[in-house]
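Dear colleague,

I am passing on the structure below, and I would be glad if you could read the notes that follow with it open beside you.

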Amino acid sequence: GGNGTAPIVGVTMRLPVYATRRPPASDAARRAALDGSVVASFRLDALIANALPATARDVFRVRVIDVTEGGAQVLY
């Protein structure tokens, strides 16, 4: 998504919920026992900004870069 001028970079974390008390051992058994999932989405710019104290942002220049797959995308 985005605001029309810049994309919003985020991460979605998903935790599977199984009908059994423990995750089944095989892929097929996990698929059969899957009841659903719990999902949380995070905007990386807000997550990183809120993790850094304002005093640190005033004193230091901080840049967080995603280097996945050989690229260099600035996240913050």
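With which residue does Asp-27 form a salt bridge? The partner is Arg-30, and the closest N and O atoms of the two are 2.2 Å apart, where a salt bridge is taken as a side-chain nitrogen of Lys or Arg within 4 Å of a carboxyl oxygen of Asp or Glu.

Please bear in mind that this is a predicted model, in which local features need pLDDT of at least 70 and side-chain atom pairs count only at pLDDT 80 or more, while totals for chains, interfaces and linings use all residues. Residues are numbered from 1 along each chain as its sequence is written, and side-chain values use heavy atoms, with hydrogens and water left out.

Asp-27 and Arg-30 both belong to helix α1 (residues 27-33), where they are 3 residues apart, about one turn of the helix; helices here are DSSP runs of H or I with at least four residues, and strands are runs of E with at least two, numbered from the N terminus. Asp-27 has a relative accessible area of 46% and is therefore partly exposed, a class that lies between buried (under 20%) and exposed (over 50%), with a 1.4 Å probe and protein chains only.

The structure holds 2 salt bridges, and one of them joins the side chains of Arg-43 and Asp-45 at 3.2 Å, N to O. Arg-43 is partly exposed because its relative accessibility is 44%, and Asp-45, at 31%, is also partly exposed.

Finally, Phe-42 lies in strand β2 (residues 34-43) and counts as partly exposed because its relative accessibility is 32%.
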